[in-house]
Amino acid sequence: MERVALLRSLSTRSTSVCRRILFRPRPRPRLFSSGPHRCKQQAQFLYGAAAFRWQPATSSAPPVRLRRYLSFSPSAVSTSPQPAAQDFDAGHDIAEKLGFDKISEQFISECKSTAVLYKHKKTGAEVISVSNDDENKVFGIVFRTPPKDSTGIPHILEHSVLCGSRKYPLKEPFVELLKGSLNTFLNAFTYPDRTCYPVASTNTKDFYNLVDVYLDAVFFPKCVEDFQIFQQEGWHYELNDPAEEMTYKGVVFNEMKGVYSQPDNILGRASQQAIFPENTYGVDSGGDPKIIPNLTFEEFKGFHQKYYHPSNARIWFYGDDDPVERLRILSAYLDQFEVSPAPNESKVEAQKLFKEPVRIVEKYPAGEGGDLEKKYMVCVNWLLSDGPLDLETELTLGFLDHLLLGTPASPLRRILLESSLGEAIVGGGVEDELLQPQFSIGLKGVAKDDIGKVEELIMNTLKTLAEEGFTTEAVEASMNTIEFSLRENNTGSFPRGLSLMLRSIGKWIYDRNPFEPLTYEKPLQSLKERIANEGTKAVFSPIIEKFILNNPHRVTVEMQPDPEKASRDEAEEKEILQKVKANMTQEDLAELARATQELRLKQETPDPPEALRSVPCLSLQDIPKKPTHVPTNIGDVNGVKVLHHDLFTNDVVYSEVVFDMTTLKKELLQLVPLFCQSLLEMGTKDMDFVQLNQLIGRKTGGISVYPFTSSMRGQVDPCTRMIIRGKAMSGKVEDLFNLMNCILQDVQFTDLQRFKQFVSQSKARMESRLRGSGHGIAAARMDAKLNVAGWIAEQMGGISYLNFLRDLEKRVDQNWDELSSSLEEIRQSIFSRKGCLVNVTADEKNLNHSTKFLAKFLDSLPNSASAELDPLRNHLPPVNEAIVIPTQVNYVGKAGNVYEAGYQLNGSAHVISKYIGNTWLWDRVRVSGGAYGGFCDFDTHSGVFSYLSYRDPNLLKTLEVYDGTASFLRELELDHDSLTKAIIGTIGDVDSYQLPDAKGYSSLLRHLLGITNEERERRREEILSTRLKDFKEFADVLEAVKDRGVVVAVASQDDVAAANEERNDFFDVQKVL
């Protein structure tokens, strides 16, 4: 249910679970979250939600995927070297008095935590209480919620319980928490068989406020009594006038229409349902848009009554707060219930293994353009067992998965992509987050005649690997990558305690040992010893043979492009609605129109002040007056400026080397993303790319190379840089800098076939983004019309880049010599000591230790300077534009530059922008408009203020909402409490929690953009002193966006045609899929 401070990155890469926007890199298990996830990436290093742009980092060690036992996502650790001291014996005595039995207790050295499993005597609710020194406290409550059909009941309920409760009787207490909380995570998400409600905060008072709101929401929600909440979040018939057409509306309904417009998602769902035809995974917990309207309110209420009960709950606490207070909070809620049979009724039954393979064929909506004969998809899926596996086998499977697919050099991934049978990989490899593990792999962008060849290649490759085994170098690289990830404990902006919870739940939810997934040291050591003693073939070949090659439970899913499917689905929906309307009397229609207006009036009517005051909130006295300080020492190493950040990093050294891109010719700009990928995925004179990739895996924690682009406030020319970023244990820092040097200077751009793969993969990625992240495409396009930095970024990651890739794909063979020379020219233009900047984050000892290796690296860089070039000053034409794709939902954007209208930046703009998103846009675009998300963003560097919607059933109606924002601000009345909440919520964004590497990186970006500590303090003071008059004055600023802004919509052909008919060619139309 969160709004997004728009991520201006043209591609996001996150291992985190996101709320109500599903940005999962894998097709299974499906998670649905309750609202667009708030990305706090800019506020971390600046003073508000101003945006910068960067291209996706091409890494030799991509983020390793979350696994249940050998979780390659980092485990949680305390933030100081030693765990906190707790009097656990005394605590357990109190626990007994509070109604809890201690079942087990364990000190988990891997996360420097003491974990205790309790059971509530009265209800049987199970509680894990994890105590350590991590200030980023986490709470979560999880219910087993297996659906029996695809009406989406768990997903709709996950949305709905957060729409008011007994203790907090307002429309959406969750939104009020967003406005006035310092949360570091506030979310909910639906798995195929369970629903999770986690929160996190570093402020103890704030944390307990969040916990109380969530507990009241799940146990005593208004939605089971309020039919209109069910209509709003789930589905309802909408009829504004009896003479008009009737439509379906509902947040989840429209969300899932978006999901079912994306080919990768359709493939994932088809695969899961075919693998599990006989249990709960054979239906869609998120909801099928064709089936969602079958759900009744009575079924909805019954599902909550049956499953949202303490007896069916797993509850998690983590962090440095008082473990006794946790139990006190819980007992107040749990003691209100009696024991329930829900745990028996919610058990997930195992799917029995097939006796022979199965094949299914499905269709997906495709555009009419392009060669449809080469747009097929094929995925081969296995169910690996009919019951739980032992820990050693699960661990080995996880390791095998990384060996097969974890890096560009992994043999199964590499061989499939090098075959030229498809454009990109589909399937998530080993998936073990559900009751039974699966393995999936395939390709998309496959020619119709090559479907069988892909299947054959998969089987033959696996057979060869079983017969020959893996190289010692490959195993060593995977082992180092896995161990580094586990010991680094870097979960990014995702709370460590939540990462730990999700790993534990993977067993706990199935009544298995919840501590087992958290203790990796002994099983990992045991696996290493087995590999050393028996050899890799003896360890992995039997696993491949048993679970894959000789396993008859194999499902092949073929996806066929169908240019008529989208319009056919829309026609079927309209026909159903026409029949429903035809069977209604005039009285029925009048009543439906009245009910539609009544629901809209409720949605758009603010909560009364007394209801708003029921939601707990911090005061301004709870807020630090100064921004977070990152220790930064600016020095010099061999004539190059170096930023040192003395922070505890658990013996890891993080480094970024920054190069100036202003020396790059304009005509080479669009080759930059492919250049970055080539640096890491082509070989040198002495090593092929597999050997180089394995060496990086063996010696470091990963290296990435990417361009960074941002406007700079007050300057015409943008900041354009290329960054090489790496990390290693302190003992391997020399290797890290040696490998960085090798990548920058020794890689040879001579492998035509690999370059062709890069082009195909990039094109497939961009086409996928168009369907799944159309709001990002629209934002990039608008920026390109409004400022130079936006134009540069769009050339490397927007529609312009997609068009470039399509053209390049046709001419790469005949132009290879020229392209190879161009890649070399990019290298010669950028990589020089002149204008170079280095950033290093580690503790003082390791900073000093790394200096001599850094000096050697810098000495090896070329000292020659490229010729000065005229700065780029390009923009796209400032016209309204519709990007047409086959979709059932739209992504609607409008933006304008408020600096050009005379606005002078004040920190209050961040408060106002956040408030607009949390109120006006939330209520009008999402709640009453039916879109999955509506949000705004203010890029303080460029002055661009943007509006965006996500999975939106509307187009022009949404633009009318945007244009009404100024009037909303002028008419706004804010009491003291509401204003305080808005300020606190903004500070929560500014002060969002960061791990040490992110602190160092944020400091680097501030340095690049010329943001001083004095300016940060001034903006913070302006935020804290925001007043109602600032909102009123900002209304005039937004008139500039209304009157002179540009519109970009990624939308369906029918909706664009209707808009152009209503507004007389309002859009220039570009059909891209």
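In which sense do strands S22 and S23 pair, and over how many bridges? Strand S22 (residues 702-710) and S23 pair in the antiparallel sense over nine bridges, where strands are DSSP runs (E, at least two residues) and helices are DSSP runs (H or I, at least four residues), numbered from the N terminus, and two strands pair if DSSP finds at least two bridges between them. This is a predicted model, in which local features need pLDDT of at least 70, side-chain atom pairs count only at pLDDT 80 or more, and totals for chains, interfaces and linings use all residues. Residues are numbered from 1 along each chain as its sequence is written, and side-chain values use heavy atoms, with hydrogens and water left out.

- Strand S23 (residues 719-729) is mostly covered, since eight of its eleven residues are buried, buried being under 20% relative accessible area with a 1.4 Å probe and protein chains only.

**The six-stranded sheet**

- An open sheet of six strands has the order S27-S28-S26-S29-S25-S30, with mixed pairing.
- Its edge strands, each pairing on one side only, are strand S27 (933-939) and strand S30 (1068-1071).
- The twist averages 15° from one strand to the next, with axes fitted as lines to C-alpha atoms (for helices, over the stretch in contact) and angles running from 0 to 180 degrees between N-to-C directions.
- S27 and strand S28 (residues 944-950) run antiparallel and are joined by seven bridges; in S28, Ser949 is the bridge partner of Gly934.
- Helix H30 (residues 908-927) packs on the sheet and touches S27 and S28, its direction making about 160° with that of S27; contact means heavy atoms within 4.5 Å.

**The second largest pocket**

- About 1,300 Å³ of space lies in the second largest pocket, a pocket being an open set of points on a 1 Å grid over the protein atoms alone, with protein on both sides within 12 Å along at least five of seven lines, and the volume being the space filled by probe spheres set on the points.
- Of the 46 residues that line the pocket, the closest to its centre are Glu570, Lys574, Pro953, Asp1054 and Asp1055, where lining residues have an atom within 4 Å of a point.
- The largest share of this lining, seven residues, comes from H18.

Note on methods:
Buried means under 20% relative accessible area, exposed over 50%, partly exposed in between (1.4 Å probe, protein chains only). On a 1 Å grid over the protein atoms alone, a cavity is a set of points where a 1.4 Å probe fits but cannot get out, and a pocket is an open set with protein on both sides within 12 Å along at least five of seven lines; lining residues have an atom within 4 Å of a point.
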